[in-house]
Amino acid sequence: MTPDQLTPTGTADAALLALELSDPPSPARRVTTPLQHHELVPPLDPFGEDRPVPLPGSAGEHLLQRAFGTDKRARRFYDEQVLDHLNAEMKEFIGRMEMAFVATSDTRGECDASLRAGPPGFIQVLDDRHLCYPEYRGNGVLASLGNISENPHIGILLVDFVTDLIGLHVNGRARIVEDADMRAIHPALPAEFDRGRTPERWVVVQVEEAYVHCRKHIPRMVPVHRQRSWGTDDSRRKGGDYFGAKGTPRPWHREPATS
């Protein structure tokens, strides 16, 4: 069944519902150590020199783990859940996902988060350490691709909101490949695409970290039928000026000062 054919089916099955209801509320913890703002200089990693291969994560998160006393829990998570590749279960999960949240930033650290969606399998797993997703004709801004062209670091979050209530993080380095070049390297890529859309190019991601996202706070959702105008450029059908932004003065509209 495709999402457009599904109808609401009520709650989860008994086993998963029991899991959802079994955890008692935990008392709120208050962090009393104030965070200080310093100049943006790379912090020293407290775990960077005591092992031949560095731990996953950033120096900043390692420092805060020490400061807030979570380093043992974090180390257990690294050791038990974080991989530097995609295992069989992760590949299967990616293959049935219909959307992904993609985070990128430019060389200055200015960030962008975006949504990518398609039928199951629109994200292709190429091997244990590589996946790719298609880029179609959009609004022409190319915010994600522009960031990738400056800074290859990328974070992808895939979430199953419907069946298993679980998520998968995939972090790595991305590059942009034109569709024809991609097919020359990977001829098995699908040639038929949802609603006749054809990719203009692909984002290929080299996996550096892959790990679970806890189901605890993932809401349950149910796909329902929806009529959509695929491929339209009609402003109203695409959302129009929903947030009332049109006509608001922008800083870049100002005339440059003259001496």
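Trainee: Which strand gives the most to the lining of the second largest pocket?

Mentor: This is a predicted model, and the lining is read by asking which elements the residues come from. Strand 5 contributes most here, with three residues. Strand 1, strand 6 and strand 7, like strand 5, each supply at least two residues of that lining.

Trainee: What is the volume of the second largest pocket, and which residues line it?

Mentor: Its volume is about 260 Å³. Thr104, Ser105, Cys111, Asn151, His153, Ile154, Gly155, Asn171, Gly172, Glu208 and Glu209 form the lining. By class, seven of these are polar, two are charged and two are nonpolar.

Trainee: Which residues touch the most other members of the largest nonpolar core?

Mentor: The general idea comes before the case. In soluble globular proteins, nonpolar side chains tend to be buried together. In this model the largest nonpolar core has 24 residues, and Ile154, Ile156 and Leu158 touch the most other members. Seven elements can be listed as supplying at least two core residues each: helix 4 (88-95), strand 1 (99-105), strand 4 (130-135), helix 5 (143-150), strand 5 (153-160), strand 6 (166-178) and strand 7 (201-213).

Trainee: Which residues does Ile156 touch, leaving out those up to four places away in sequence?

Mentor: Ile156 is in contact with Ala100, Phe101, Val102, Leu131, Tyr133, Leu168, His169, Val170, Asn171 and Val205. One of these, Asn171, also lines the second largest pocket.

Trainee: Is Leu86 buried or exposed?

Mentor: Relative accessibility settles that. Leu86 counts as buried because its value is 1%, and the cut-off for buried is under 20%. Leu86 is found in a loop, the one between helix 3 (71-81) and helix 4.

Trainee: Which residues surround Leu86, again without those up to four places away in sequence?

Mentor: Leu86 touches Lys91, Ile94, Val125, Asp127, Asp128, Leu131, Val170, Val207 and Ala210. Take Ala210: 124 residues separate it from Leu86 in sequence, yet the C-alpha atoms are 6.6 Å apart.

Trainee: What does the protein chain as a whole look like in terms of helices and strands?

Mentor: Count the elements, then read their order. The protein chain has six helices and seven strands, in the order α-α-α-α-β-β-β-β-α-β-β-α-β. Contact range is a further reading: of the contacts between residues at least 6 apart in sequence, 66% join residues at least 24 apart.

Trainee: How many of the 259 residues are buried, as a percentage?

Mentor: Buried residues account for 27%. The chain exposes about 18300 Å², of which carbon and sulfur atoms supply 55%.

Terms used:
Residues are numbered from 1 along each chain as its sequence is written. This is a predicted model: local features need pLDDT of at least 70, side-chain atom pairs count only at pLDDT 80 or more; totals for chains, interfaces and linings use all residues. Side-chain values use heavy atoms; hydrogens and water are left out. A nonpolar core is a set of buried Ala, Val, Leu, Ile, Met, Phe, Trp, Tyr and Cys residues joined through side-chain atoms within 4.5 Å. Buried means under 20% relative accessible area, exposed over 50%, partly exposed in between (1.4 Å probe, protein chains only). Helices (H or I, at least four residues) and strands (E, at least two) are DSSP runs, numbered from the N terminus. Contact means heavy atoms within 4.5 Å. On a 1 Å grid over the protein atoms alone, a cavity is a set of points where a 1.4 Å probe fits but cannot get out, and a pocket is an open set with protein on both sides within 12 Å along at least five of seven lines; lining residues have an atom within 4 Å of a point. Grid points are joined across faces, edges and corners, and a volume is the space filled by probe spheres set on the points. Ala, Val, Leu, Ile, Met, Phe, Trp, Tyr, Cys and Pro count as nonpolar, Asp, Glu, Lys and Arg as charged, and the others, Gly among them, as polar. Accessible areas come from the Shrake-Rupley method with a 1.4 Å probe; for residues, only the protein chains shown count as cover.
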